[in-house]
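Visitor: I would like to go through part of this structure with you. Could you guide me?

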Amino acid sequence: MLKNKRIKSIVWVIGLIILVMILLKLDRLCLRYFGFSMPYVWIGGAFAIILLICAKRATPQGLKLAFIYIAIVPICVVISEMFFYYKIQSIKHTHIQTNKILGYANLPAISSNTEFIVDDKVIYNATYTHNKNGLRLTPNNNINSRTCLNIYGGSFAYGHGVGNSETIAAYLQKDLPQYNVKNFGIAGAGAHQMLARLEFDLDSNELGQCDENIFIYEAIPHHIYRSMGSNGGPKYINIDNTIVYQGTFTEEDWKPFEPDDNELVSEEKGTFFDRIPAFKKIKEQLTRPYALIYFFSPVHTTTPNAYKSEALLANWRFEKGYGSNPDLVHLNVTQDHIYFDIIRKINKILKEQYNAKLYVIYWDYDITAQFLDKYDEVVQTTLKNDSIPFYTMSEIIGDDYKEDLERVKNGDFEHFKYRISRWDIHPNALANEKIAEFIATQIKNGTIKPSRLQNSNTPHDKPNERGQE
C-alpha cells in the first residue's frame, strides 16, 4: 500500500513538472507571437483548475474545503500578476510597433512624451511626434517642396532623447528651407531596415511626393552587429552573391549579441544549472513576478524610465561606467561582411529606382559600442572602394569630437559635450546641429547634390511581394 502511494506521488510530481514545462513553452510562444509573457498566470491558473477539480471529486467535506482554500492561493497569484502587468504596461510609453517585414517600426500619428531620470535628476524630457506614415515630425517642414532630403538610420537619425525641433532633420530644415526634409529614422534600426524599406517600397507614400532626392544614411559601428541580428529586424543573407531577404531575425538570432539577463554570468561564476540552456531559460522566465517588479524594481514604476545609478551600473550595458553595447562576439569584419553587402544593395536600388546615390554619415571613434574605433578602418576603406561618399564625425565636428571621447577613455563620464549623458550616450542637440550645419554646407556648395527621377511619374503603389531580386 505504501509502495503504491509512493509511486503515485512520484507520478504526480513528474506530471506536474511536465505540465509546468508545457506551460512555460506556451508562455514563450506567446512572447514570440503576441509580445507578452505571464508565466505565473499560466502556472497559477493550471494549479487552480487542478485543485478545484480535486475539490469537486473529493468525498470528505473537510478535504473538499481544504482543496478550495488552497486553490485561493494560485487564483490570487493569477489576479495579482494580471493586475500588476496591466499597471506596469499602462505607465510605459512606446512609439514602436511590430512590423511583419521590418520586425519593428514607428507608430503612426502619435505624440509621446518620454522622460529619463537617474537619481531623481532628469536626463532628458522629450516629445516624439510622428506623422501618419510614422516619420518623426520635422517642425515647419516645407511639405509642398518636391525636392526631398531623406535621412535614414537608427536612433541617432531618429533623434532619441531630444525634442522634435532638435533632430538632424529639424536643423536641416532650418538651414535648407527649400527642402522637404524627411526623418526615416527608427530607434534600434540599421542599414538592413533601410534596405527592406526600399526593397519592399514601404516608404512609397513619402517618397512618392518627391521628384528630386538626396538620401543620407547615418551609420554607427553597432549597425554591423545589427545586420547580423543583434537588435532583430529584417534578416538578409548572401546567396550566390545576391542579397536575399529571409524574413525577420528570431530571438535565437540575437541572443549571442544581447544576453537576456541583467548581468553577464560566466561559466566559472554560474551554477551548474546556469550552464544548462533549458534550466537557464526557465530561470529567466520565473525570476521576476510582476508584483515584485512593481514594488521592488530599481526602476520607479510609477514614473516611467526613472532609475537609480547603482542599479544601472550593475547592468551589463553599463559595465564600462556609461551606457553602451559591449562587444560580446568579437567579430572579424572584412569588406565581404553582410553589412557592406547590404549597403551596396541600398546604393544599387537608389541608382535604379531614384537615379540617386547614397551618402553616409559615419560615427567613427564611437562609444555607442565599447570597442570605440575598432571598425573604423574597414568601414572607411570599404565605402571608399565602393565609391560611396561618406563623412566621418571627426571630419564634421573636428578635433573637438575626439577630445570629447578622450575624456571618456580617461574615465571622465560627466562632461560630455556632444552626448546627452553617461547614462544615455545618444547625440545631444548640439551634435545634431553641428551635423546638420555640415550637411547643409555640402549641399549648398554642390558636393552633395539632389538627383532628379528619370521618370517623375514612376508609381509607388505596387510594393514588391518578395524581399529578393
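Guide: Strand 7 (residues 212-219) pairs with strand 11 in the parallel sense over 5 bridges. Strands (E, at least two residues) and helices (H or I, at least four) are DSSP runs, numbered from the N terminus, and two strands pair if DSSP finds at least two bridges between them. This is a predicted model: local features need pLDDT of at least 70, side-chain atom pairs count only at pLDDT 80 or more, and totals for chains, interfaces and linings use all residues. Residues are numbered from 1 along each chain as its sequence is written, and side-chain values use heavy atoms, with hydrogens and water left out.

Visitor: Which residue of strand 11 is the bridge partner of Ala-219?

Guide: That is Tyr-362. Tyr-362 also stands opposite Thr-392 in strand 12.

Visitor: How does the chain cross from strand 11 to strand 12?

Guide: The path goes through helix 14 (residues 376-385), and this β-α-β crossover is right-handed, that is, clockwise from the first strand over the helix to the second with the strands pointing away from the viewer. Strands 11 and 12 (the latter residues 390-392) pair in the parallel sense over 3 bridges.

Visitor: Is strand 11 buried or exposed?

Guide: Strand 11 (residues 358-362) is largely enclosed by the rest of the structure, because 5 of its 5 residues are buried (under 20% relative accessible area, 1.4 Å probe, protein chains only). Leu-358, Val-360 and Tyr-362 lie on one side, Tyr-359 and Ile-361 on the other.

Notes. Buried means under 20% relative accessible area, exposed over 50%, partly exposed in between (1.4 Å probe, protein chains only).
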